[in-house]
Amino acid sequence: MKFINLLKKELSELINKQMIISLVFVLAVFLIMGNVMQSATTEMVKDANNPKINICNLDDTDFTNEMLSYFRSNNTDINNITLTDNDYASAFKDNKNLKSFVIIPQGFADEVLAGKKPEVLSVSKVQGVSAFSGMTGGTDGTISLLNGYISLKLAEQQGVSKDDLGIIEAPLKVKEHTVVADKSAEISSGTILTKVLMQNMILPLIVLILIMMTSQALIASISNEKIDKTLETLLSTPVSRGSVITAKMLAAAIAALLNAGVMMLGFSSYTKGMMGSMTSDVANGIHTGVTDNVTETATSIILSGDAMKQLGLTLGASDYLLIGIQLFLTIMICLAISIILGALVNDSKSAQTMLLPIMMMVMIPWIVTLLADINTMPTAAKLVIWAIPFTHTFTAMPNLMFGNYAAFWCGLAYQIVFFAIVMFFALKLFKSDKILTISLNLGQKSRFKKSKKTNED
Amino acid sequence: MANVLEVKELSKQYSKVLAVDRISFEINEGEIFALIGPNGAGKTTTIRMISTLLTPTSGDAIVAGHSILKAPEKVRESITYLPDEAGAYKQMTGIKYLRFMAGLFTSDIDKLNAYVDRAKNICGLGDRLNDKIGSYSRGMIRKLLLARAVMTKPKLAILDEPTSGLDVLNAIEIRKMIKKLAEEEGMSFLLSSHNMLEIEFVSDRIGIISKGHLMVTGRSDELKERYQVPNLEQVFERVVNENEVH
């Protein structure tokens with residue numbers, strides 16, 4: 001009953017109106033971002049699946065007209081661009097949605113027929129510096145079509161068939177195989193890595209959010225009680241210090257889970273927005289004409305499910321249970337560290353500073369595991385990274401996926417030992433006089449002395 | 001009259017500082033005992049040890065028959081502690097705060113309601129109890145905290161600077177409240193204060209502490225007579241100065 005009373009108080013402090021408003025705001029931001037990304041990727045996929053080429057045909061000969069008719073007959077839309085006084089910008093003024101076009105200059109057909117290399121002009125408009133603004137609307141597809149058509153014509157002139165031309169252009173058939181441990185599958189390693197990366201993107205983010213939220217909540221909870229001197233009142237009541245700290249830890253974990261849940265909901269809607277339009281369109285059918293790199297990669301990723309199973313890269317129920325255990329342990333470590341950090345706080349400024357060590361302990365392994373393979377790092381760097389308990393949380397999923405069970409169990413064992421040690425010191429600190437007398441006001445020497453003096457009154 | 005508190009040779013050593021050095025005193029049932037001394041004399045450390053917040057380096061204190069070393073949980077059932085400049089949970093309403101604190105002393109709903117009703121009467125905050133504590137003035141918070149400290153009718157209420165930061169009228173009201181609770185309900189109080197006028201008005205006995213030593217204890221008039229001075233302020237000055245010389 002007394003514990004429930006404590007827990008209710010802690011929860012009401014953490015889950016308040018401000019938190020709910022901020023969660024709704026975060027969710028709204030993710031939803032808006034998701035919509036924005038969806039419209040950007042939809043446009044990209046639309047461009048890839050329904051090629052539309054923009055051509056200004058200044059040559060206007062039988063050869064070029066026949067070429068354009070050939071493109072049309074292969075389901076390619078052609079937008080004829082006209083220029084005013086040879087001013088390239090005028091084309092964009094007349095066509096608001098136009099991003100680029102190719103100019104076929106006069107004498108183009110003559111040069112082709114004479115066996116020379118004719119010149120074409122590629123004109124593109126730069127309209128922004130955002131990541132996606134440059135990904136669509138280039139002239140590569142148009143030029144590729146022109147090259148293909150002219151190669152075909154030249155081959156015909158030389159008496160080479162279309163099939164033979166295909167062999168000349170790409171004489172090798174490449175069958176890619178990927179091996180994981182003792183299993184292999186017919187798929188490119190690039191595709192497998194992209195798929196694994198996409199799958200593993202979510203877990204580190206959950207870990208990151210959970211750790212940050214939990215630490216912030218618990219450090220604030222302990223430090224506020226110290227600053228407002230409510231902790232002294234609380235500890236002088238007939239409840240054990242163990243119940244006080246357990247209620248705080250449990251409430252912080254519940255609040256963090258709620259935060260993480262809402263954020264993941266928002267994040268999944270954001271990623272759906274980013275990937276959804278791309279993958280669904282690709283799954284409906286792949287265009288036989290111009291296929292850009294984005295579409296190609298997405299296609300192979302979608303079709304790679306069986307290969308993933310074949311390579312043993314899918315996780316079973318027992319694997320997810322192990323990941324859950326490791327996540328739980330991660331939160332417990334984070335709570336234990338937060339108790340110590342919260343106890344060191346004596347004013348609101350140092351409460352914010354105290355979050356820094358945990359942030360560093362999370363950000364470093366997250367970035368390292370995202371960008372590099374820890375096993376290939378120098379020994380000293382490897383040891384430092386492995387000494388950070390959260391590293392093993394980030395490597396848990398890949399370890400289980402690639403069958404590195406020894407590495408997983410070692411990581412888990414290290415986390416258990418780390419948690420036991422930190423929790424021992426955290427409880428010792430909370431149950432001792434130090435919870436009321438210790439303070440660490442970084443960069444505020446004079447105030448530290450003052451608070452020490454007051455404590456010793 | 002039975003002792004509610006018996007402090008026996010209590011000492012506290014911080015790393016290099018001996019904050020409290022073998023002090024002994026007792027408080028009887030229904031008695032108001034005031035511990036006075038200059039800043040850093042060891043008042044708060046003594047109070048925190050009796051409240052089981054700090055562990056003594058040596059010595060013991062018996063609160064309502066329970067040792068602070070052997071049975072701190074039993075001690076906490078018999079006392080309430082109001083720290084100097086203590087705050088309350090600003091997000092809570094006054095009434096929720098009282099219910100929360102009462103819930104830490106009892107799991108019995110009837111008892112809990114009785115504690116809260118008593119606190120409501122004592123604090124006199126009326127409808128403002130339904131407002132968040134964050135909107136209270138300092139005086140209102142102090143009244144709320146004092147009501148919280150006495151609502152469970154503890155054998156010993158420990159109040160560190162009970163009227164610090166309050167205006168004259170609020171301070172008078174709180175002093176009267178303490179006196180009334182001791183006289184009418186037999187509650188014992190251990191106070192600490194820098195206000196000699198307050199001490200003289202409210203306390204039955206006084207202990208003067210300096211540099212961790214309890215220099216003298218006695219009733220206000222006894223001390224004035226012993227030091228041949230007209231008021232408590234001069235007694236305090238003499239005692240502290242004598243300790244400085246030694």
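Student: Within what distance do the axes of helix 5 and helix 6 of chain B come, and at roughly what angle do they cross?

Tutor: The axes of helix 5 (residues 138–150) and helix 6 (residues 168–185) of chain B come within 11 Å and cross at roughly 10°. The model is predicted: local features need pLDDT of at least 70, side-chain atom pairs need 80 or more, and totals for chains, interfaces and linings use all residues. Residues are numbered from 1 along each chain as its sequence is written, with chains lettered from A and ligands numbered from 1 in the order written. Helices (H or I, at least four residues) and strands (E, at least two) are DSSP runs, numbered from the N terminus. Axes are lines fitted to C-alpha atoms, for helices over the stretch in contact, with angles from 0 to 180 degrees between N-to-C directions.

Student: Why is helix 5 of chain B called roughly parallel to helix 6 of chain B?

Tutor: The crossing is roughly 10°. Under 35 degrees counts as roughly parallel, over 145 as roughly antiparallel, 65 to 115 as roughly perpendicular, the rest as oblique. Helix 5 of chain B is therefore roughly parallel to helix 6 of chain B.

Student: What makes helix 9 and helix 16 of chain A roughly antiparallel to each other?

Tutor: Helix 9 (residues 202–227) and helix 16 (residues 355–371) of chain A cross at roughly 175°, their axes coming within 10 Å. So helix 9 and helix 16 of chain A are roughly antiparallel.

Student: Which residues of helix 5 and helix 6 of chain B meet?

Tutor: G139(B), R142(B), L146(B) and V150(B) of helix 5 meet N170(B), I174(B), M177(B) and L181(B) of helix 6. In contact means C-beta atoms, placed from the backbone, within 7 Å. By class there are five nonpolar, two polar and one charged. Nonpolar covers Ala, Val, Leu, Ile, Met, Phe, Trp, Tyr, Cys and Pro; charged covers Asp, Glu, Lys and Arg; the others, Gly among them, are polar.

Student: Why does L181(B) count as buried?

Tutor: Buried needs 20 or more other C-beta atoms within 10 Å; 12 or fewer is exposed, and in between is partly exposed. L181(B) has 21 such neighbours, so L181(B) counts as buried. Leaving out residues up to four places away in sequence, L181(B) touches V150(B) and M187(B).

Student: Which strands are the edge strands of the open sheet in chain B?

Tutor: The order is 6-7-8-3-9-10, six strands with mixed pairing. Strand 6 (79–82) and strand 10 (213–218) of chain B each pair on one side only, and these are the edges. The twist averages 15° from one strand to the next.

Student: In what sense do strand 7 and strand 8 of chain B pair, and over how many bridges?

Tutor: DSSP must find at least two bridges before strands count as paired. Strand 7 (residues 156–160) and strand 8 (residues 188–192) of chain B have five, in the parallel sense. I158(B) has L190(B) of strand 8 as its bridge partner.

Student: Which residues touch the most other members of the largest nonpolar core?

Tutor: A nonpolar core joins buried Ala, Val, Leu, Ile, Met, Phe, Trp, Tyr and Cys residues through C-beta atoms within 7 Å. The largest has 132 residues, and A252(A), L335(A), I339(A), I50(B), I158(B), F189(B) and L190(B) touch the most other members.

Student: How many residues of chain B are in contact with chain A?

Tutor: 30 residues of chain B are in contact with 21 of chain A. Helix 3 of chain B gives the most to that side, four residues.

Note on methods:
Contact = placed C-beta atoms within 7 Å.
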